[in-house]
Structures are given as C-alpha cells and as structure tokens.
Amino acid sequence: MGAKRTTVVLECPPLNTTEEYEINHAERLLRMPNNGGWRLPEKTPFEFSNEYGIRYKTHKKGNNGAEEKSDDK
C-alpha cells in the first residue's frame, strides 16, 4: 500500500490542454519563468505563490454586505 499522493490539475491555454501532475512537479513548473503557459485553472481548490508554493485556498470570511450599526442617536 503506497502513500497518498496529492495531484494538481494545470492548464496550458497556448497548447489547449490540461494535465494532472503530482503537487511537487506542478510547483516546479509554475516556478519556472518560461514555463510554456502552464497555470492553475480558475476553479481549483489550490493557489500558488512563489513564497509559499502550492497550497489549498483559504476561505476568507467576508461581511456579506452587512452594515455596521452605529450608536448615533
């Protein structure tokens, strides 16, 4: 029984293709300056930054348009 491998789907619009890569390989591709156009798709649970690499997106809780109540009388 092998260890669980996390895979990431990358898309390449210039080649009109998508591929599934192991997370470490996908990160190396995205860090390359001339990577051929590979990027994370818009609808993915992952995000990429050069500082942190690939990680799951954090869900930031917003205010949902609620206005603050003031105590002005």
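The following legends describe close-up views of a predicted model.

**View 1. The hairpin of strands S3 and S4.** Strand S3 spans residues 46-49 and strand S4 spans residues 53-56; the two pair in the antiparallel sense over 4 bridges. Between the strands of this hairpin lie 3 residues. Phe46 is positioned opposite Tyr56 of S4.

**View 2. The salt bridge between Glu47 and Arg55.** The closest N and O atoms of Glu47 and Arg55 are 3.3 Å apart. Glu47 is partly exposed, at 27% relative accessibility. Arg55 is likewise partly exposed, its relative accessible area being 37%. A search of the whole structure finds 3 salt bridges; the pair Glu47 and Arg55 is one of the salt bridges shown in these views.

**View 3. The salt bridge between Arg39 and Glu11.** In this pair, the closest N and O atoms are separated by 2.8 Å. Arg39 is partly exposed, with a relative accessible area of 43%. Glu11 counts as buried because its relative accessibility is 18%, under the 20% cut-off.

**View 4. The salt bridge between Glu27 and Arg31 in helix H1.** The closest N and O atoms of Glu27 and Arg31 lie 3.2 Å apart. The two residues are 4 residues apart in helix H1 and are therefore separated by about one helical turn. Arg31 is partly exposed, at 37% relative accessibility.

Technical notes. Residues are numbered from 1 along each chain as its sequence is written. This is a predicted model: local features need pLDDT of at least 70, side-chain atom pairs count only at pLDDT 80 or more; totals for chains, interfaces and linings use all residues. Side-chain values use heavy atoms; hydrogens and water are left out. Two strands pair if DSSP finds at least two bridges between them. A salt bridge is a side-chain nitrogen of Lys or Arg within 4 Å of a carboxyl oxygen of Asp or Glu. Buried means under 20% relative accessible area, exposed over 50%, partly exposed in between (1.4 Å probe, protein chains only).
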